[in-house]
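Load the model in your viewer and show it as a cartoon. The stops below say what to select next and what is there.

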Amino acid sequence: MTQIRISAAASLLGVSDDTVRRWVDAGRLTQVTDTAGRHAVDGAELAALAQELADDALDQLDPGAGTRSARNHLTGLVTRVVSDTVMSQVELQCGRYRIVSLVSTEAVKELGLAPGVIATGVIKATNVTLERSQP
């Protein structure tokens, strides 16, 4: 069983430590003690709660959601566009995630991408590299 400290659980869910403790008190998560005697929660329970808390609020801003084969998409705000005559670098802030895309300057102009515009980064990849942090 993977045990995740309260502070790490809070960071993973984007909430405060106190919120995680309140969820423990309310029975939404089970508190355990890790090998060092610190308060923690079960990783599988935390994963289930993360899925439960995930909502489709940003998908409502993405007109392509549910109509494309790529399942990985992040909607957010364009925060920066750096262009030359051929290529552009576009940065999106999607919640707590920063997405950087290299696209043609022509596409940037056609899409009207500029800071403050809502856009969706669609990621279609056959290879995704995963790393596991050490306990």
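Two strands count as paired if DSSP finds at least two bridges between them. Helices (H or I, at least four residues) and strands (E, at least two) are DSSP runs, numbered from the N terminus. The model is predicted: local features need pLDDT of at least 70 and side-chain atom pairs count only at pLDDT 80 or more, while totals for chains, interfaces and linings use all residues. Residues are numbered from 1 along each chain as its sequence is written, and side-chain values use heavy atoms, with hydrogens and water left out.

**Stop 1: the sheet of 3 strands**

Select β1, β3 and β2, which form an open sheet in the order β1-β3-β2 with antiparallel pairing. β1 (3-5) and β2 (31-33) are the edge strands, each pairing on one side only. Direction ignored, neighbouring strands here are turned by 50° against each other on average; axes are lines fitted to C-alpha atoms, for helices over the stretch in contact, and angles run from 0 to 180 degrees between N-to-C directions.

Next, pick out β1 and β3 (residues 39-42), which run antiparallel and are joined by 3 bridges. R5 has A40 of β3 opposite.

**Stop 2**

Select β6, β5, β4 and β7, an open sheet of 4 strands in the order β6-β5-β4-β7 with antiparallel pairing. β6 (97-104) and β7 (118-123) stand at the edges with a single partner strand each, so one side of each has no neighbour in the sheet. From one strand to the next, the twist averages 45°.

Zoom in on β4 and β5 (residues 87-94), which pair in the antiparallel sense over 6 bridges. A hairpin connects β4 to β5 through 3 residues, and L77 stands opposite Q93 in β5. Then move to β4 and β7, also antiparallel and joined by 6 bridges. Here T75 has T120 of β7 as its bridge partner, and H73 has V122 of β7.

**Stop 3: D62**

Is D62 buried or exposed? Select D62 in the loop between α3 and β4. Its relative accessibility is 5%, so D62 counts as buried; the term means under 20% relative accessible area, against over 50% for exposed and in between for partly exposed (1.4 Å probe, protein chains only). Beyond its neighbours within four places in sequence, D62 is in contact with R68, H73, T75 and T120.

**Stop 4: the largest pocket**

Select A50, L53, A54, D55 and Y97, which lie nearest the centre of the largest pocket among its 20 lining residues. The elements giving two or more residues to this lining are α1 (6-13), α3 (43-53) and β4 (72-83). α3 gives the most, with 4 residues.

On a 1 Å grid over the protein atoms alone, a pocket is an open set of points where a 1.4 Å probe fits, with protein on both sides within 12 Å along at least five of seven lines; lining residues have an atom within 4 Å of a point. The space in the largest pocket is about 730 Å³.

Colour the lining by class to find 12 nonpolar, 4 polar and 4 charged residues. Ala, Val, Leu, Ile, Met, Phe, Trp, Tyr, Cys and Pro count as nonpolar, Asp, Glu, Lys and Arg as charged, and the others, Gly among them, as polar.

Note on methods: Points joined across faces, edges and corners; volume = space filled by probe spheres on them. Contact = heavy atoms within 4.5 Å.
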